[in-house]
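Visitor: I would like to learn how to read a helical model. Please take me through it one feature at a time.

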Amino acid sequence: MCVLIFLSIIYPLYFIVIASISDSTLVSTGKVLFMPKNISFFGYNQIFQDGRIWNGYRNTVFYTLAGTFVNLLITLPAAYVLSRREFRARRLIMIVFVITMFFNGGLIPTYLLMKDLHLTNTMWMFILPFCVNVFYLIIARTFFESSLPSELYEAAAIDGCSHFGFFVRIALPLSKALISVIGLYYLVGHWNDFFTGLIYIRDNKLQPLQIVLRDILLSNQVFQNGAGTGGAAGGYAQKYADQIKYGVIIVSTLPILVIYPFLQKYFEKGVLIGSVKG
């Protein structure tokens with residue numbers, strides 16, 4: 001059963017890989033199932049020869065790393081403070097946070113707000129406005145409440161440790177699993193962010209990779225649908241349109257697939273085992 005589930009998950013990804021280097025005609029007629037045929041890297045050559053790809057990669061890497069850093073910088077301290085029972089306003093503040101999960105002003109008021117804050121068409125649009133995900137905040141707060149025993153803080157307080165010192169020196173080192181999981185979720189969210197660039201960014205030099213890949217797909221869609229097939233150039237582009245389409249999928253997902261195995265162990269490892277003795 002596990003083998004069947006694994007194959008059903010891995011085959012679509014494997015098919016995209018072999019389809020990106022196979023003849024598009026053979027792929028569309030169903031003749032490419034397990035092995036690539038008539039191997040050609042024309043699609044990847046066209047993708048990586050486009051200067052917009054490298055500009056989009058550079059922008060997305062910066063938005064992803066800076067955005068994830070800001071997300072964790074705000075989410076983790078906020079979650080720790082809201083987890084402390086001696087903080088009397090924590091319930092009221094948490095209610096305010098939760099309300100934002102279900103109610104918002106809508107797209108147009110949000111756009112007008114971002115415009116008045118002079119964030120539209122700037123790189124900070126990807127980093128500052130949505131720096132806290134309330135769902136991840138709740139997860140982090142619950143983790144701090146349930147996984148950091150009160151005796152741990154009491155022992156640190158006896159030694160003269162403040163809340164800030166406890167958070168930096170004890171809570172964070174014991175929360176590697178939490179930081180890794182939430183950080184990965186934030187990172188994937190920034191990497192796949194398509195809507196922000198589409199709505200709030202007009203400068204092509206600031207566009208993330210996802211928007212660049214969308215433009216490449218749209219430019220090839222014309223030929224894929226049959227337009228321009230009367231000429232040699234049109235037929236040539238149509239022939240390799242599928243290769244470019246599948247190549248774009250690989251280019252956009254490969255970095256995340258490479259990073260995930262290094263963080264997977266934190267999804268199943270309890271780092272707090274043995275932290276409290278006696």
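This is a predicted model: local features need pLDDT of at least 70, side-chain atom pairs count only at pLDDT 80 or more; totals for chains, interfaces and linings use all residues.

Visitor: What share of the residues counts as buried?

Guide: Buried means under 20% relative accessible area, exposed means over 50%, and partly exposed lies in between (1.4 Å probe, protein chains only). Of the 278 residues in the protein chain, 39% count as buried.

Visitor: What share of the contacts joins residues 24 or more positions apart?

Guide: Contact means heavy atoms within 4.5 Å. Take the contacts in the protein chain with a separation of 6 or more: residues 24 or more positions apart account for 72% of them.

Visitor: How are two packed helices described?

Guide: Two values do it: the angle between the axes and the distance between them. Axes are lines fitted to C-alpha atoms, for helices over the stretch in contact, and angles run from 0 to 180 degrees between N-to-C directions. Take helix α4 (residues 51–83) and helix α7 (residues 134–147): their axes come within 8 Å and cross at roughly 50°. That makes α4 oblique to α7. The cut-offs are under 35 degrees for roughly parallel, over 145 for roughly antiparallel, 65 to 115 for roughly perpendicular, and oblique for the rest.

Visitor: Is the crossing of α4 and α7 left-handed or right-handed?

Guide: A crossing is left-handed if the near helix is turned anticlockwise from the far one by less than a right angle, and right-handed if clockwise. The crossing of α4 and α7 is right-handed.

Visitor: Which residues of α4 and α7 meet?

Guide: On the α4 side they include Thr75, Leu76, Ala79 and Tyr80. Among their partners in α7 are Tyr136, Leu137, Ala140 and Phe144. By class, this contact of α4 with α7 has nine nonpolar, two polar and two charged residues. Ala, Val, Leu, Ile, Met, Phe, Trp, Tyr, Cys and Pro count as nonpolar, Asp, Glu, Lys and Arg as charged, and the others, Gly among them, as polar.

Visitor: At what angle do α4 and α9 pack?

Guide: The angle is about 125°, with the axes 12 Å apart. That makes α4 oblique to α9. The crossing of α4 and α9 is right-handed. Leu76, Pro77 and Tyr80 in α4 meet His163, Phe166 and Phe167 in α9. The contact of α4 with α9 has five nonpolar, one polar and no charged residues.

Visitor: Which residues of α9 are buried?

Guide: In helix α9 (residues 163–171) they are Gly165, Phe166, Phe167 and Ala171. Their cover includes α4, α7 and α8 (150–158).

Visitor: How do α7 and α10 pack?

Guide: Their angle is about 180°, with axes 11 Å apart. That makes α7 roughly antiparallel to α10. Tyr136, Ile139, Ala140, Phe143 and Phe144 in α7 meet Leu178, Ile182, Tyr185 and Tyr186 in α10. The residues of this contact divide into nine nonpolar, no polar and no charged.

Visitor: Which loop holds His118?

Guide: His118 lies in the loop between α6 (107–116) and α7. His118 has a positive phi of about 60°, although it is not a glycine. His118 is exposed, with a relative accessible area of 65%. Asn121 is found in the loop between α6 and α7 too, and its phi is near 65°. Asn121 is partly exposed, at 34% relative accessible area.

Visitor: Is Asp193 buried or exposed?

Guide: Asp193 is buried, with a relative accessible area of 17%. Asp193 sits in the loop between α10 and α11 (195–200). Not counting residues up to four places away in sequence, Asp193 touches Phe126, Pro208 and Gln210.

How values were computed
Residues are numbered from 1 along each chain as its sequence is written. Side-chain values use heavy atoms; hydrogens and water are left out. Helices (H or I, at least four residues) and strands (E, at least two) are DSSP runs, numbered from the N terminus.
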